[in-house]
Amino acid sequence: MQGYELAVILIGSLTGILTSYTDVKTGFIFDSHVFPTLSIVERLFGHEEGEEEVNLPRWLGRIVVPTAEFGVLLYVYLGIRGQAPPLAGLIGLIVGFAMGMVLYYAGAWASGDVVVLAAFSALLPYPLSFVRVAAPYETAYPLYPLAVLFNSILAVFPFLFFYALGIVVKKGEMKRIREVFVDGVSLSLEVSLWFMAGIAVAVALSNYGFGLSAPVRYGLALLVVAVFGKYRKVGDIIGLASLAYLSYLVGLDAVTAFLKLIAVMYSFKVFFSTVKVLREEALVEEVPVEELREWDILGETIYIEGENVRRDRRGFFEVLREGLRTGKLQVERGEVVASPSAEGLSGEQIERLKKLVEEGKIENRFLRKKAMPFAPSIFAGFLISALWGDLFWWLVLKTAGL
């Protein structure tokens with residue numbers, strides 16, 4: 001282990017301990033424990049993390065751990081020495097932030113969780129030298145933040161799964177259990193067929209002398225899946241033909257690979273269905289406007305369209321799926337009164353909602369997001385990534401029999 005690798009583990013662990021403690025204790029994460037520059041920027045725009053907002057000792061909020069900055073500057077230094085791309089840390093920060101925002105808009109994470117993932121991603125844009133398992137694309141490009149995210153998900157998924165299952169059983173909502181295990185199974189099968197089509201295209205090109213690098217093959221497979229997602233019946237037919245073609249070339253190994261691919265796709269389906277159940281049943285609660293407080297985050301968008309007040313309770317993936325189906329990715333709404341923004345509700349927004357309720361323009365029930373501490377699972381993902389490797393890629397290799 002090299003000196004800078006030990007520093008990465010130590011500073012990441014300090015951030016993980018602090019953010020996990022404050023997140024579990026109060027649901028609050030100090031930017032100064034993760035990305036101090038961000039807290040400075042927030043102060044410039046008039047927002048300041050006040051110790052009175054959370055029930056924690058004052059000295060705890062004054063601890064400064066420049067995790068994100070350390071990762072960015074570390075790789076600038078390593079780049080000067082010719083040991084790594086100088087912008088790797090910055091790219092890792094951006095990749096981690098982008099992935100975290102997807103989960104934030106999906107309603108699964110809070111804004112603090114996004115910052116924690118981004119900081120850990122700046123520390124680990126590439127796997128450390130002693131890591132046992134890493135995907136080829138993670139060693140060739142600064143994409144090891146994918147491992148941090150997937151390890152975080154895999155580390156906490158058993159807990160989330162049984163937690164969500166327990167909630168729906170307690171509520172007696174058997175349709176939700178069906179949604180997790182049964183609904184969408186056919187799509188898992190179809191996506192697996194589309195991936196086989198992408199693999200078949202890459203194999204055919206290779207046989208005709210067009211050698212493709214691993215990233216290009218992955219990109220080609222994803223492109224094929226995206227196209228067939230719009231033309232599903234055509235994709236199913238071509239996918240079946242591709243499976244037959246690959247079976248002709250390599251025999252039963254192609255069928256075995258296809259069955260394993262179905263298992264992987266089904267696992268993803270169960271995961272995202274579980275996240276949806278959590279978002280709609282566990283991570284939100286319905287309360288009257290009198291119980292709304294400043295900093296609360298709504299689980300819906302309230303907007304005015306013409307003379308009517310409307311509410312939109314769709315999740316991020318539902319909006320995205322509808323946008324892809326209709327070709328309109330931008331949601332058209334009138335004047336937005338309140339929405340699930342990272343800064344939460346303001347006093348002015350709450351007063352306006354109260355007025356709308358008093359005027360009888362909207363029913364006095366609002367979705368409010370509950371805080372669930374994800375910082376410990378992100379910390380676990382960081383430790384697994386730093387000390388062992390990519391659990392997801394290990395599962396892929398095991399699925400392929402390697």
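**Salt bridges and their surroundings**

Reply: In this predicted model, Arg 365 and Glu 286 form a salt bridge, with their closest N and O atoms 3.2 Å apart. Arg 365 sits in the loop between helix H15 (347-358) and strand S5 (366-369), while Glu 286 belongs to strand S1, so the pair ties together parts that are 79 residues apart in sequence.

Me: Why is the contact between Arg 365 and Glu 286 called a salt bridge?

Reply: The term requires a side-chain nitrogen of Lys or Arg within 4 Å of a carboxyl oxygen of Asp or Glu; the closest N and O atoms of Arg 365 and Glu 286 are 3.2 Å apart, and therefore the pair qualifies.

Me: What makes Arg 365 and Glu 286 count as partly exposed?

Reply: Partly exposed covers the range between the buried limit, under 20%, and the exposed limit, over 50%. Arg 365 has 26% relative accessibility and Glu 286 has 47%, so both fall in that range.

Me: Which other residue forms a salt bridge with Glu 286, and what does that pair tie together?

Reply: Arg 313 does, with the closest N and O atoms 3.1 Å apart. Because Arg 313 lies in the loop between strand S3 (308-312) and helix H14 (316-326), and Glu 286 in strand S1 (residues 284-287), the pair ties together parts 27 residues apart in sequence.

Me: Which residues are linked with Glu 286 in a network of salt bridges?

Reply: The network links Glu 286 with Glu 300, Arg 311, Arg 313, Glu 363 and Arg 365.

Conventions. Residues numbered from 1 in each chain as written. Predicted model: local features only at pLDDT ≥ 70, side-chain atom pairs only at ≥ 80, totals over all residues. Heavy atoms only, no water. Helix = DSSP H or I, 4+ residues; strand = E, 2+ residues; numbered from the N terminus. Buried < 20%, exposed > 50% of the residue type's maximum accessible area, 1.4 Å probe, protein only.
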